[in-house]
Amino acid sequence: MTVREDAHQQHEGRNEGPGEGRGEGPGEPVPDRRRFLGYVLAAPTLTVAAQFGEAVLAPAPARAAAPALVPSLPGPSEIYDLNDMLTHAALPTANLITIRIEADGSASFALPRAEVGQGITTSSAMVIAEELDLPLEKVRVTLADARPELLFNQMTGGSNTTIATFTPLRVAAAVARGRLLRAAALELGELLGSLTAKAGAVVSSATGRSLGYGELAAKAAAVSDAAVAVVLKKPSEFTVIGTAQRRVDALEAVTGRKRFAMDVRVPDALPTMVCRPPTINGTVRSVDNLAEVRAMPGITDVVRISTGVAVRGRTFGQCIDAVRALSVTWGPGTAEGASDATVQRKLRAAELPLVVPPLPLLTKAVDARFTFHFSSNSALETNCAVADVRADSAEIWASLKTPIVAQEQIALRLGLPITAVKVHVTEGGGSFGRKLFHDAAGEAAEISRAMGKPVKLMWHRTDDFRQGRTHPMSTSRVRATYTLGEVLTYEQRHTSVATDFGHGLGEIITSSAAQLPVGDLAFSETIFALTQQSPYHFGVTTQLLSETDKGFNTGSMRGIYSPNVRCAQELVVDELARRMGKDAYDFRRRHLKEERARAVLDKVAELGRWGRAMPSGTAQGIALHPEYHAFVAVLAEIDCRPETTGRRIPDAYTGPRVTKVVCAVDVGLAVNPRGLEAQMMGGIADGIALALTSGLHLENGHFQEGSWDNYFYTRQWNTPPELEIVVMPPTSDRPGGAGELAVGAAMAAVACAYGRATGTMPTTFPVNHGEPLSFEPLPTTPPIPASPVDGLDRAF
């Protein structure tokens with residue numbers, strides 16, 4: 001595997017002398033676009049916050065590619081996208097996010113976002129270290145508890161964290177640095193302009209004397225709040241931002257010391273599990289053997305709850321035994337009798353019409369319909385939470401990406417005031433959109449109240465697959481008309497099982513409705529309009545969403561609609577190029593709207609040797625994806641030869657293998673190129689899985705997959721042995737979104753490669769979904785395997 005980072009181009013700006021323009025005091029330069037207002041807060045030790053204006057939201061101007069013969073008007077998301085909306089919603093409470101300088105010279109910051117493996121604690125620490133001139137290891141980033149006063153500033157999603165917090169953190173750190181310099185000038189009796197800061201100390205350039213930040217923390221503190229103007233560093237001055245850094249939590253992760261929800265120690269919080277219905281959202285009608293199960297070894301409590309029957313015991317192994325022993329009569333669920341075929345018929349019936357017909361003798365058309373089956377966004381860490389509910393209070397510990405919403409809804413569920421419910425955000429072992437919902441936390445609170453005891457709730461893996469959130473099944477109907485080598489119209493009608501946005505994003509949309517360029521649209525349609533864009537000049541372009549069937553537990557999964565929409569479009573682009581006798585790469589390049597898109601496409605074509613001779617049954621595919629002010633291109637090579645696909649891997653399906661991937665990514669400014677590379681790797685693995693192997697089979701109201709052994713996510717045997725990732729030089733002085741970026745491009749590139757290798761454009765995803773099941777489905781009653789899961793028998 002090769003990872004490379006192209007040489008960073010630095011952005012030039014005016015020169016400043018030592019201390020000039022970086023903090024308080026006389027001699028500050030004339031304000032420029034890097035000048036912001038921050039705050040010093042009243043506190044015993046130096047505590048600072050940020051306030052910043054609308055200028056932060058101004059995106060870098062787009063660099064247009066060569067004019068197209070049939071240009072397309074910009075779509076809503078090219079003017080104002082979901083990430084802009086999330087950043088805008090966070091503006092009013094940015095000054096409530098604070099950095100504190102401790103007596104030992106370190107900086108402490110409680111990040112109001114969820115760390116679920118994406119590396120935002122590292123990137124946040126890097127931003128603070130940069131403006132504070134502090135060693136990275138002296139910046140301590142923790143996760144903030146639910147803070148209702150932050151309103152919309154405590155949601156983790158939409159690849160937004162680094163974008164939304166980048167400037168506030170820099171402003172707060174710059175305020176702190178300026179205060180420390182000023183305190184040192186008074187202490188040393190030196191002119192402010194003669195002082196420099198380096199490695200957590202203030203140094204007098206005239207005398208060589210120095211004072212550590214810890215020595216100055218109390219002296220720099222304020223007795224009242226005060227506004228302070230600062231000028232931020234120029235990109236040419238960066239020494240931390242833009243450099244490859246290992247994760248600040250890497251050692252804890254590899255040594256097992258990292259703490260997740262199940263590692264929280266709460267007195268008398270015992271392992272708890274739930275016996276769940278055999279079909280989606282089924283209900284309990286009766287329990288025939290409550291007394292018998294309560295008498296089982298180690299079991300302390302058994303209670304009926306809204307989602308099933310909860311058991312509490314000394315070990316998780318004893319809980320599994322109790323769940324398996326329960327005899328429950330279940331009522332019907334919300335998807336009773338549903339199957340892939342019945343859902344697909346509903347989707348077809350709900351499709352919005354295409355309006356531009358091909359004109360005989362004048363235009364031709366590519367018409368295609370694509371089906372994307374349900375898929376799982378389960379993380380390695382299953383849903384889990386710790387809850388201690390008392391008569392007049394509650395305390396919750398869980399990995400939560402919307403902790404304020406969790407706090408509000410749990411308080412409502414318990415009949416308590418919000419102030420009586422404390423919600424602590426723990427680090428999470430993955431999310432992929434799953435932890436936007438607080439299902440486990442709400443359920444743990446309900447169980448704890450019913451039992452009158454603290455509980456440590458963990459969902460079984462099978463619960464996660466069958467009763468948890470899924471990425472909804474959808475179809476995409478596409479028609480593109482063309483003539484004389486030009487695309488005249490592009491229509492895409494995406495139809496999906498309803499995606500649940502009841503995790504707080506809807507409230508942001510409601511509060512922002514008057515400012516959005518999408519008209520009077522419902523939540524789902526608004527999010528679709530603010531995320532989907534075509535990177536191509538394809539004449540009159542329309543992309544619309546309709547939704548149906550709310551009987552499923554659904555949620556977003558890395559890109560929401562983007563992977564499926566992008567995959568469908570890129571396959572149609574390949575077909576357009578083929579019908580017009582054009583090379584797929586050249587055709588894309590000619591129709592691109594922006595130079596940044598062209599640059600990443602050119603890079604992967606060059607490094608991947610696009611168009612090289614390959615054996616029959618193997619092929620290359622190429623695709624790109626724009627999202628959240630960032631661009632990514634992926635070139636994939638696939639092997640679909642019978643001698644390869646016919647070779648059976650133990651306990652796995654037989655099918656094509658992706659043998660090579662080249663990825664080029666431009667996020668404007670990469671705060672941590674190493675973390676960005678890791679995000680691209682994960683997105684590529686997701687894209688391969690969605691294209692080839694990872695889908696849920698719905699049968700008679702339940703999903704047949706019950707664990708990772710029969711849900712074929714990308715594994716070592718299907719990971720490309722050749723993988724190259726290129727981080728493009730900075731094209732902006734601000735970061736763009738990265739967390740979800742690579743999934744759509746990777747899925748589309750693999751799908752295009754599959755189509756070229758087999759000679760047939762794939763229209764159903766994953767491509768193996770129509771094959772006979774290669775596993776024996778777990779029984780639905782009880783939905784727990786017959787043998788305990790390894791590692792669950794230890795007591796807590």
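Biologist: At what angle do helix 15 and helix 16 pack?

Modeller: Helix 15 (residues 562-579) and helix 16 (residues 584-591) pack at about 105°, and their axes are 9 Å apart. Helix 15 is therefore roughly perpendicular to helix 16, a term for angles of 65 to 115 degrees. Axes are lines fitted to C-alpha atoms, for helices over the stretch in contact, and angles run from 0 to 180 degrees between N-to-C directions. Helices (H or I, at least four residues) and strands (E, at least two) are DSSP runs, numbered from the N terminus.

Biologist: Which residues make the contact?

Modeller: Helix 15 contributes Glu 570, Val 573, Asp 574, Leu 576 and Ala 577, and helix 16 contributes Ala 584, Phe 587 and Arg 588. Contact means heavy atoms within 4.5 Å. These residues divide into five nonpolar, no polar and three charged. Here Ala, Val, Leu, Ile, Met, Phe, Trp, Tyr, Cys and Pro count as nonpolar, Asp, Glu, Lys and Arg as charged, and the others, Gly among them, as polar.

Biologist: What should I know about the model itself?

Modeller: It is a predicted model: local features need pLDDT of at least 70, side-chain atom pairs count only at pLDDT 80 or more, and totals for chains, interfaces and linings use all residues. Residues are numbered from 1 along each chain as its sequence is written, and side-chain values use heavy atoms, leaving out hydrogens and water.

Biologist: Which residues have the most contacts inside the largest nonpolar core?

Modeller: They are Phe 370, Val 572, Leu 576 and Met 680, in a core of 79 residues. Such a core is a set of buried Ala, Val, Leu, Ile, Met, Phe, Trp, Tyr and Cys residues joined through side-chain atoms within 4.5 Å. The largest share, 13 residues, comes from helix 20 (residues 741-758).

Biologist: What does Val 572 touch, beyond its neighbours within four places in sequence?

Modeller: Val 572 is in contact with Val 366, Ala 368, Phe 370, Val 478, Ala 480 and Tyr 490. Apart from this core lies another, of 59 residues, including Leu 150 and Leu 180.

Biologist: Is Leu 150 buried or exposed?

Modeller: Leu 150 is buried, with a relative accessible area of 0%; buried means under 20%, exposed over 50% and partly exposed in between (1.4 Å probe, protein chains only). Leu 150 lies in the loop between strand 6 (139-143) and helix 4. Neighbours within four places in sequence aside, Leu 150 contacts Thr 93, Leu 96, Ile 97, Pro 112 and Ile 404.

How values were computed
Angles under 35 degrees count as roughly parallel, over 145 as roughly antiparallel, 65 to 115 as roughly perpendicular and the rest as oblique.
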